[in-house]
Amino acid sequence: MQTISLSVARRTALAAQGFADPRPASAPTRRHLAKVLSRVQLLQLDSVNVAVRAHYMPLFSRLGPYDPALVDDAAWSHRARRPRLLVESWAHEASLLPIEDWPLLRSGAKRDGWWRNYTRVVDTMPGLLDDVLAVVKEHGPIGAGAIEKELETEAVRRGPGAWWERSVVKKACEYLFGVGQLSTGTRRSFERLYDLTERVVPPEILSRKVSADEGARGLIDRSARALGVATETDLRDYYRLGPDVTRQAVQELVEEGVLEPVQVADWRAVAYRHVEARTPRAVPGRALLCPFDPLIWERARTERLFGFRYRIEIYVPEPKRVHGYYVFPFLLDGELSARVDLKSDRAAGVLRVQGAFAEPGADQTRVAAELAGELRTMAEWQGLDGVAVGERGDLARALRRAVK
């Protein structure tokens, strides 16, 4: 078994994620979107909008400024001359992924998720699913609230209570979405509008039957392409597959020559390198990474690759936060060299840096200069007038000077 250095593993991973590709010189197009997707395989969705929606940011990180309508059109448009490129499904978490991958997610390789907890609603109200499907068939794309109004029964109206007490109609919709009978036809202010899957996924894709074993191999192959070099647990996490399914798929892909076992220096577990992975001599350039960027969403892997301990602190009480509410790591020339807590203040027209922190050993003057440039680019992309740097963090003073 070949042994590779941590530096080789890091450069391989960055190239696999698209960070060795130069940003386009002109306005990014659907072709550029497709190229990024061929690297990352999926875009995670998340409701937090303190800086920018999670599914928009990974493309900015790799392409630079682009029109977010590029994603909207690819994911939620029904225009005949512009076929849908992306579909929503539970993959890593709620995600956008290439529509041709739909059969892999529905193959049985991936276990049912949290929506299986809603089977009690299905069992106690057996006619509800048929009623919901009938409304969606007639009115879709349609939101859960509008479905409730259409059904016009007191039993399914949203009652008072805490935010997690979803109405039974919403539970039914999410159950049907989880099992693949409903999909997202479009979104309105990030609200999911449900439609019949048969009206979202083309018939030639919807009818394609894939066995669970084939589905697992296909998903692990995509994980390995996206990660470049990864342990079995890394590969498993990308689409949140089960351990037994993953181990079998990895073994079969090794036998087929798609994956090559390697030992990464200082990693305890055996890693697997995709046969098509490349390792550039260097990965120059810079990028801000949102908390849900696929390069860093597996925190243990991020620490193994970059020596960068990263935790999202949204749910941590404010006095106990170390770095901030919504922190973006900063990638510079292949290293995670800093992190910034960002907020888009649209009322004031500025991108606020509420905290700025350099990594140990980083050249703060250079990091601040490069980070200031990327922050200005991000602010302009969002239609903001400038960048405002606060007081928190050891990099804040240098960053304020660089921004000015």
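Ile 4 has Val 264 as its bridge partner in strand E8, a handy place to start. This is a predicted model, in which local features need pLDDT of at least 70, side-chain atom pairs count only at pLDDT 80 or more, and totals for chains, interfaces and linings use all residues. Residues are numbered from 1 along each chain as its sequence is written, and side-chain values use heavy atoms, leaving out hydrogens and water.

- Strand E1 (residues 2-4) and strand E8 (residues 259-264) run parallel, joined by three bridges; strands are DSSP runs of at least two residues, numbered from the N terminus, and two of them pair if DSSP finds at least two bridges between them.
- On to the next partner: E8 pairs with strand E9 (residues 271-274) in the antiparallel sense, over four bridges.
- Within that pairing, Leu 259 stands opposite His 274 of E9.
- The hairpin of E8 and E9 has six residues between the strands, and Asp 266 takes a positive phi there, near 75 degrees.

**The open sheet**

- Three strands make up an open sheet with antiparallel pairing, in the order E2-E4-E3.
- Strand E2 (43-44) and strand E3 (86-90) are the edge strands, each pairing on one side only.
- Two bridges link E2 to strand E4 (residues 94-98) in the antiparallel sense, and Leu 43 has Leu 96 as its bridge partner in E4.

**Nonpolar cores**

- The largest nonpolar core has 113 residues, of which Val 132, Phe 328, Met 378 and Leu 399 touch the most other members; such a core is a set of buried Ala, Val, Leu, Ile, Met, Phe, Trp, Tyr and Cys residues joined through side-chain atoms within 4.5 Å.
- Helix H15 (residues 364-381) gives the most to this core, with eight residues; helices are DSSP runs (H or I) of at least four residues.
- Leaving aside neighbours within four places in sequence, Met 378 is in contact (heavy atoms within 4.5 Å) with Val 52, Met 57, Phe 60, Leu 288, Phe 328, Leu 342 and Leu 351.
- Another core, of 22 residues, lies apart from the largest one, and its members include Ile 4, Leu 14, Val 262 and Ala 271.

**Asp 195**

- Asp 195 sits in strand E6 (residues 191-196) and counts as buried because its relative accessibility is 3%, where buried means under 20% relative accessible area with a 1.4 Å probe, protein chains only.
- Its side chain makes a polar contact with the side chain of Arg 199 at 2.7 Å; a polar contact is a pair of N or O atoms within 3.5 Å, where within protein one must be able to donate a hydrogen and the other to accept it, and residues adjacent in sequence count only if both atoms are side-chain atoms.
- Leaving aside neighbours within four places in sequence, the contacts of Asp 195 include Val 136, Gln 181 and Val 200.

Definitions and conventions. Buried < 20%, exposed > 50% of the residue type's maximum accessible area, 1.4 Å probe, protein only.
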